[in-house]
Amino acid sequence: MSAETQTVNLILPMPPSANRYWRVDRRGFTFVSPEAKKYKQAVADMADAGVLIYSEISVTLKVFRPQRSGDLDNKLKCLIDAMQGVVFANDGQIVEIHAYRYEDKHRPRVEVEVKVLGLC
């Protein structure tokens, strides 16, 4: 993130479905699935922001899905969870979310913009 722009831009792969991101064990405890851990590691490797943001932020997500199926909101929590601790410290810092859905069967992806709104 540059000091001038106070913005982080990323192009990430499509996240797993929320239905496959979290799992519940026999005792009723929720945990992150192995597939989700792999995705979170891929996001961390791609982001390599160097410095965590601790200020209030706005997040814009442009989801280019490979086919006309799946809900947009199903992807949002997974994406935000994967960026937490990598781009920003905690999802409680998010005060604005803008999300858009598009189709691109040849190049599915998520274009992310995280913008700092205030300085701590």
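Colleague: Over how many bridges do β4 and β6 pair, and in which sense?
Modeller: Keep in mind that this is a predicted model. The β4–β6 pairing is antiparallel, and its bridge count is eight.

Colleague: And β1 against β6: which residue of β6 is the bridge partner of Ile11?
Modeller: β1 and β6 also run antiparallel, paired over six bridges. Within that pairing, the β6 residue bridged to Ile11 is Glu111.

Colleague: Which element gives the largest share of the largest nonpolar core?
Modeller: That core holds 26 residues, and Met83, Val87, Phe88 and Val114 make the most contacts inside it. Two or more residues each come from β1 (7-12), α2 (34-47), β4 (57-65), α3 (72-83) and β6 (109-116). The largest share, six residues, belongs to α3.

Colleague: What does Met83 touch, once its neighbours within four places in sequence are set aside?
Modeller: Met83 is among the residues with the most contacts inside the core. Its partners, sequence neighbours aside, are Leu10, Leu12, Val43, Val59, Leu61, Phe88 and Val112.

Colleague: Is Arg109 buried or exposed?
Modeller: Arg109 sits in strand β6. Beyond four places in sequence, it touches Ile11, Leu12, Met14, Lys62, Val63, Phe64 and Asp104. Its relative accessible area is 8%, and the cut-off is under 20%, so Arg109 counts as buried.

Colleague: Which side chain joins that of Arg109 in a polar contact of 3.0 Å?
Modeller: A polar atom of the Arg109 side chain also lies 2.7 Å from the backbone oxygen of Arg107. The side-chain partner at 3.0 Å is Glu111.

Terms used. Residues are numbered from 1 along each chain as its sequence is written. This is a predicted model: local features need pLDDT of at least 70, side-chain atom pairs count only at pLDDT 80 or more; totals for chains, interfaces and linings use all residues. Side-chain values use heavy atoms; hydrogens and water are left out. A nonpolar core is a set of buried Ala, Val, Leu, Ile, Met, Phe, Trp, Tyr and Cys residues joined through side-chain atoms within 4.5 Å. Buried means under 20% relative accessible area, exposed over 50%, partly exposed in between (1.4 Å probe, protein chains only). Helices (H or I, at least four residues) and strands (E, at least two) are DSSP runs, numbered from the N terminus. Contact means heavy atoms within 4.5 Å. A polar contact is a pair of N or O atoms within 3.5 Å; within protein, one must be able to donate a hydrogen and the other to accept it, and residues adjacent in sequence count only if both atoms are side-chain atoms. Two strands pair if DSSP finds at least two bridges between them.
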